[in-house]
Amino acid sequence: MIVFVLAFAAGTAVGVGISYTRWLRQRAEEGALRLRSRLLYELAEGDLEQVGDELEQACERETADPSLFLALAAIDRERQRVGRAKSIHRTVLASEDLPSEQRVAALLGLGRDLLREGNERAAVGALVRANSLSPRSVATLRSLAKALEQAGAWERAAAAWERVERQVQGRAARDAKVGRGHALAEQAEAFRRAGDEKRARKSAERATTLAPDSPHAWSMRARVEAAMGDAHEAMIAWQRAWELGPAQASGIVEEAWRWADRQGRQADVMARMLASSRDTSNAALAIALAERVALRHPEQAAASLEQVSTTSSFAQLALIRLRLRRGQRDQAREAALRAMAEARLVCGLCRDDLTDTPFRCERCQLWDTGVREA
Ligand SMILES: [Zn+2]
């Protein structure tokens, strides 16, 4: 009898225990769901600090959920706390029973942390591991391509972009193709510097086929053609480059002119500059070309600046300068020159100075974003 009563009591206790645990679990799940939708909303509003604080608290409560830690690490990287992001990713990766999907996410996150720190080699290592666990992850491949670009591994970067291109469609596929073109353009430049002109040309030709609208790709192609001694192709490429990249045009024109000077090709390059300056309605391009055109054809240079002077105060200034120059009023000319120099080459997205890297913004990691700005 006593045994029976005890068994009954024990059974009831277990039953109550089970339903209490179930109730607790259900409440915890509801709480987690509410937390997630609140975080999603705050994230959409761009309130990173708030999201970070809440994630920190959540991580202290629910130490078993790696996805919260991964989210906190990603937020930390965005708010410039890369050191902590890295150690969170490493801690998550140290857990042995981590599901494969989250292992890939942690490796991808770690790769991005290392990339942000400028540690390209280690970033490539983490991203290659992520890629081998999940070969079809486009996010991993894209980050890998960028890491390889930053490491200057252009051939592998081009291969990574090609794999991205095969797995996506529409605009994303076009972007990946252009990304591959940029990587190949840099590869061509590396081959050219090493004196391997045949491979340089092959890469440069593919670069301009893949990224036909890129002044970067056409500039590198022009250098390669010039090195190969193909003056005609070099001039075509330079003209494309300055027409496609008005913001970078002054550097491109200068390079083409120096080459023409050495090769005795000034007349040919001048003819192309005249043609471009007649056709353009872009002030930056008109100014860049007028600088050189004015050496031989001051009237045409003035006419092309006149065309754009109503839309650009810099063109107006260049025009004044040109006219003063012919009137020999040196001081006025110097003043105008100084004012002209204020048109800096900056990234159109983040406004970073691009004087040293005219075709690529180091901060945005994007190609051909340059604009001229007062
Ligand atoms: Zn930028």
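Figure 1. The protein chain has 18 helices and four strands. With 374 residues, the globule rule gives 21 Å for the radius of gyration, but the chain comes out at 30 Å, well over that value, so it is more spread out than a compact globule. Keep in mind that this is a predicted model. Taken along the principal axes, the box filled by the C-alpha atoms is roughly 120 × 45 × 35 Å. Of the 374 residues, 43% are buried. Among contacts with a separation of 6 or more, 48% join residues 24 or more positions apart.

Figure 2. Which atoms hold the zinc ion? They are the SG atoms of Cys347, Cys350, Cys361 and Cys364, at 2.2 to 2.3 Å. Along the chain, these donors follow the spacing C-x2-C-x10-C-x2-C. The angles subtended by the four donor atoms run from 105 to 113°, which makes the arrangement tetrahedral. For comparison, the ideal angle for four tetrahedral donors is 109.5 degrees. Cys347 and Cys350 are both buried.

**Figure 3. Two loop residues with positive phi.** Here we look at Arg351 and Gln365. Arg351 sits in the loop between β1 (344-347) and β2, and its phi is positive, about 70°, although Arg351 is not a glycine. Gln365 belongs to the loop between β2 and β3, and its phi, near 60°, is also a positive value in a residue other than glycine. Are these two buried or partly exposed? Arg351 is partly exposed, since its relative accessible area is 42%. Gln365 counts as buried because its relative accessibility is 13%.

Figure 4. Find Asp368 in the loop between β3 and β4 (370-373). At 22% relative accessibility, Asp368 counts as partly exposed. His216 is 152 residues away along the chain, yet the C-alpha atoms of Asp368 and His216 are separated by 6.7 Å. Beyond its neighbours within four places in sequence, Asp368 is in contact with His182, Ser214, Pro215, His216, Gln248 and Phe359.

**Figure 5. Helix α7 and what covers it.** Helix α7 takes in residues 138-150, 13 residues in total. From its first C-alpha to its last, α7 reaches 18 Å, close to the 18 Å expected at 1.5 Å a residue. The buried residues of α7 are Val138, Thr140, Leu141, Ser143, Leu144, Ala145, Ala147, Leu148 and Glu149. What covers them? The cover includes the helices α5 (100-117), α6 (120-133), α8 (154-167) and α9 (170-193), along with the strands β2 (360-361) and β3 (366-367). After α7 comes Gly152, with a positive phi near 75°.

**Figure 6. Leu127, a buried residue of helix α6.** Leu127 is part of helix α6 and counts as buried because its relative accessibility is 0%. Setting aside residues up to four places away in sequence, Leu127 touches Leu107, Leu108, Gly111, Thr140, Ser143, Leu144 and Ala147. Of these, Thr140, Ser143, Leu144 and Ala147 are also among the buried residues of α7. Glu62 makes a handy reference point: Leu127 and Glu62 are 65 residues apart in sequence and 28 Å apart in space, C-alpha to C-alpha.

**Figure 7. His89 in helix α4.** Next up is His89, in helix α4 (residues 82-94). With 1% relative accessibility, His89 counts as buried. Leaving out neighbours within four places in sequence, the contacts of His89 are Leu70, Ala73, Arg77, Ala106, Gly109, Leu110 and Asp113.

Figure 8. In soluble globular proteins, nonpolar side chains tend to be buried together. The largest nonpolar core here has 93 residues, and those with the most contacts inside it are Trp238, Trp242, Trp259, Val269, Met273 and Leu305. Which helix gives the most to this core? That is α15 (residues 283-296), with nine residues. Apart from this core lies another, of six residues, including Leu345, Cys350, Leu354 and Cys361.

Key
Residues numbered from 1 in each chain as written. Predicted model: local features only at pLDDT ≥ 70, side-chain atom pairs only at ≥ 80, totals over all residues. Heavy atoms only, no water. Expected span 1.5 Å × (residues − 1). Buried < 20%, exposed > 50% of the residue type's maximum accessible area, 1.4 Å probe, protein only. Contact = heavy atoms within 4.5 Å. Donors = N, O, S within 2.8 Å, 3.2 Å for Na, K, Ca; no water. Tetrahedral: all angles 85-135°; square planar, octahedral: opposite > 155°, others 65-115°. Core = buried A, V, L, I, M, F, W, Y, C linked by side-chain atoms within 4.5 Å. Rg over C-alpha atoms; globule rule 2.2 N^0.38 Å.
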